[in-house]
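Visitor: Could you walk me through this structure and show me how to read its features?
Guide: Gladly; let us look at it together.

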Amino acid sequence: MTSWIRYGVMAWMAEDRYGEDETVLVYFKGTDRAALAEGLTAQHRPPFAYGNATAPGDWGVIVHHMFNPVRNDYEGVDYRKLCPQGTELMVFVPNPSIAKGHGPHAYHYKDGQTSSCVDYEDPGYVGEFWPNKMAPLITAAGLDPRSETYEEQLTQLICDHLGLPALDRATFTVFRDLMDSYF
């Protein structure tokens with residue numbers, strides 16, 4: 001199930017199709033949840049939701065706010081700092097700009113390097129400062145960007161390619177006080 005890409009993870013969890021969700025979903029492998037949470041907290045984005053604990057080598061999941069308005073901090077997180085050798089991250093930003101109406105973005109990091117930057121509005125784009133090792137996979141899939149389920153199809157393609165587990169509302173723990181403290 002990838003419908004969370006359309007409205008954001010917290011809106012998906014609340015089954016609120018019209019919620020304005022400015023959260024980031026991070027799948028992680030090769031590090032533990034505590035280390036990732038500590039790294040996000042150091043960058044002023046403490047996670048407020050996470051999936052069940054995972055076995056070493058499996059993908060875990062964590063959710064954090066995209067921005068920190070209390071600190072007037074609208075800079076992005078440097079995920080390369082959170083991705084040392086042996087670590088892999090897949091970062092989904094469902095609503096990178098709610099006010100401007102831009103489509104989702106997805107970023108794949110491995111061993112401290114950016115592997116792919118996928119802009120859902122032009123997922124096959126590759127540039128000097130915009131690596132995208134997934135571009136051939138995405139192009140070969142021949143997805144129709146006019147399809148009503150395009151974002152979900154592209155997300156499923158990425159998830160299948162990396163072996164990411166489906167999200168399940170029942171397996172998430174949410175710290176509402178921390179989530180609410182941002183606004």
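Guide: Let us start with strand pairing: two strands pair if DSSP finds at least two bridges between them. Helices (H or I, at least four residues) and strands (E, at least two) are themselves DSSP runs, numbered from the N terminus. Please keep in mind that this is a predicted model, where local features need pLDDT of at least 70, side-chain atom pairs count only at pLDDT 80 or more, and totals for chains, interfaces and linings use all residues. Residues are numbered from 1 along each chain as its sequence is written, and side-chain values use heavy atoms, with hydrogens and water left out.

Visitor: How many helices and strands does the protein chain have?
Guide: The protein chain has six helices and seven strands. Their order along the sequence is α-α-β-α-β-β-β-β-β-α-α-β-α.

Visitor: In which sense do S1 and S3 pair?
Guide: S1 and S3 are antiparallel, with six bridges between them. Within this pairing, Leu25 has Val63 of S3 as its bridge partner. S1 also runs antiparallel to S4, joined by five bridges, and there Leu25 stands opposite Phe92.

Visitor: Why is S1 described as largely enclosed?
Guide: For burial, the cut-offs are under 20% relative accessible area for buried, over 50% for exposed, and partly exposed in between (1.4 Å probe, protein chains only). S1 is largely enclosed by the rest of the structure because six of its seven residues are buried.

Visitor: How should I read a nonpolar core?
Guide: In soluble globular proteins, nonpolar side chains tend to be buried together. A nonpolar core here is a set of buried Ala, Val, Leu, Ile, Met, Phe, Trp, Tyr and Cys residues joined through side-chain atoms within 4.5 Å. The largest one has 29 residues, and Trp4, Leu25, Tyr27, Met90, Phe92 and Ile158 touch the most other members. Two or more residues come from each of helices H1 (4-7), H2 (9-13) and H5 (150-162) and strands S1 (23-29), S3 (60-65) and S4 (88-93). H5 gives the largest share, six residues. Another core lies apart from it, with 20 residues including Tyr50, Met66, Phe67 and Leu82.

Visitor: Which residues does Phe92 touch?
Guide: A contact means heavy atoms within 4.5 Å. Not counting residues up to four places away in sequence, Phe92 touches residues including Trp4, Leu25, Tyr27, His105, Tyr120, Ile158 and Leu164.

Visitor: Is Glu152 buried or exposed?
Guide: Glu152, found in helix H5, is buried, since its relative accessible area is 14%. Beyond residues up to four places away in sequence, Glu152 touches Thr2, Ser3, Ile5 and Arg6.

Visitor: Where is Thr54 placed?
Guide: Thr54 sits in the loop between strand S2 (49-50) and S3. At 36% relative accessibility, Thr54 counts as partly exposed. Leaving aside neighbours within four places in sequence, Thr54 is in contact with Trp59 and Gly60. Thr54 and Asp32, 22 residues apart in sequence, have C-alpha atoms 8.4 Å apart.
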